[in-house]
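Here are my notes on the structure you sent over.

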Amino acid sequence: MLPCLINRKYLPLTIFFVFVVGIVFISCKQEAKNTVNFIHDNETTPTMMTHNDTMLISDSGIIRYKVIAQTWEVFDKSKDPHWRYPNGFYLEQFDSVFNIVTTVKADTVWNYTLRKLWKLKGNVFIRNKKDETFSGDELYWDQRQQKVYSNLPVVVSRPDQMTLRGTGFEANQQMTNYKFMNVGEMASGKTIFYVNEDAENNEEKQE
């Protein structure tokens, strides 16, 4: 027979110790299992989120934009990497001597960083340096092509009290040259309206 390795008087203590170790082992195993089962969805969960942000954005090493947002979410691991501003967005665009040439407001904004495409949604409002204002529910800003466009209705209010309404809107990113493919209350009007800042300047010089 094998000799008894545990003194009988210590047997209850030994049993208690084995019982406690077993519980700890099971708990750790359960915790590890829960950690492994956690799934991070890169399309819906941001990798970074901050609040009450003010940021300066440069273009070719020169500060061109100032952004103020209540919430900034970064989805840099998603299939189409982007930043999102879900709770209000305000932007100022500067010229080379830091004069404000354009201001932009919207309820929600997406900045698709690789494509350099901005999507503005909800109560979009833009003011250019000529004090013309542009409003609508949705606008896109393509930085690569340096243009702003929308397929939804856009309203342009000018200082001369002229108001334009239409769809098929396109403009340069300074919002000084713009055109509608369809102007008027009825989208079927097919009337084309175009404002060209360079042409206006040339006419003034000829006079």
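1. How many nonpolar, polar and charged residues does the lining of the largest cavity have? The model is a predicted one, and in it that lining has 12 nonpolar and three polar residues, with no charged residue.

2. The count of cavities of 30 Å³ or more comes to one. The largest cavity has a volume of about 160 Å³. It is lined by 15 residues, and those closest to its centre are Val104, Leu120, Ile126, Trp141 and Val148.

3. In one of them, Trp118 and Trp141 are stacked, with 5.4 Å from centre to centre and 25 degrees between the planes. The planes count as stacked because they are under 30 degrees apart.

4. What does the Trp118–Trp141 pair tie together? Trp118 lies in strand E7 and Trp141 in strand E8, so the pair joins parts that are 23 residues apart in sequence. Trp118 has a relative accessible area of 4% and is buried. Trp141 is at 10% relative accessibility and counts as buried too, because the cut-off for buried is under 20%.

5. Ring pairs link Trp118 and Trp141 with Tyr65, Tyr85 and Phe89 into a cluster.

6. Now the open space. The largest pocket has a volume of about 260 Å³. Its lining is made up of 13 residues, of which Ile57, Ser58, Asp59, Lys116 and Gln143 are the closest to its centre. Strand E1 (residues 48–59) gives the most to this lining, namely three residues.

7. By class, the pocket lining has seven polar, four nonpolar and two charged residues.

8. Last, confidence. The average pLDDT of the protein is 79, and 70% of the residues score at least 70. Over residues 186–191 pLDDT stays under 50, and the model has eight contacts beyond four places in sequence for them. Over residues 199–207 pLDDT also stays under 50, with two contacts beyond four places in sequence.

Notes
Residues are numbered from 1 along each chain as its sequence is written. This is a predicted model: local features need pLDDT of at least 70, side-chain atom pairs count only at pLDDT 80 or more; totals for chains, interfaces and linings use all residues. Side-chain values use heavy atoms; hydrogens and water are left out. On a 1 Å grid over the protein atoms alone, a cavity is a set of points where a 1.4 Å probe fits but cannot get out, and a pocket is an open set with protein on both sides within 12 Å along at least five of seven lines; lining residues have an atom within 4 Å of a point. Grid points are joined across faces, edges and corners, and a volume is the space filled by probe spheres set on the points. Helices (H or I, at least four residues) and strands (E, at least two) are DSSP runs, numbered from the N terminus. Ala, Val, Leu, Ile, Met, Phe, Trp, Tyr, Cys and Pro count as nonpolar, Asp, Glu, Lys and Arg as charged, and the others, Gly among them, as polar. pLDDT is the predictor's confidence in each residue, from 0 to 100. Contact means heavy atoms within 4.5 Å. Rings of Phe, Tyr and Trp (its six-membered ring) pair if their centres lie within 6.5 Å; planes under 30 degrees apart count as stacked, over 60 as edge-to-face and the rest as tilted. Buried means under 20% relative accessible area, exposed over 50%, partly exposed in between (1.4 Å probe, protein chains only).
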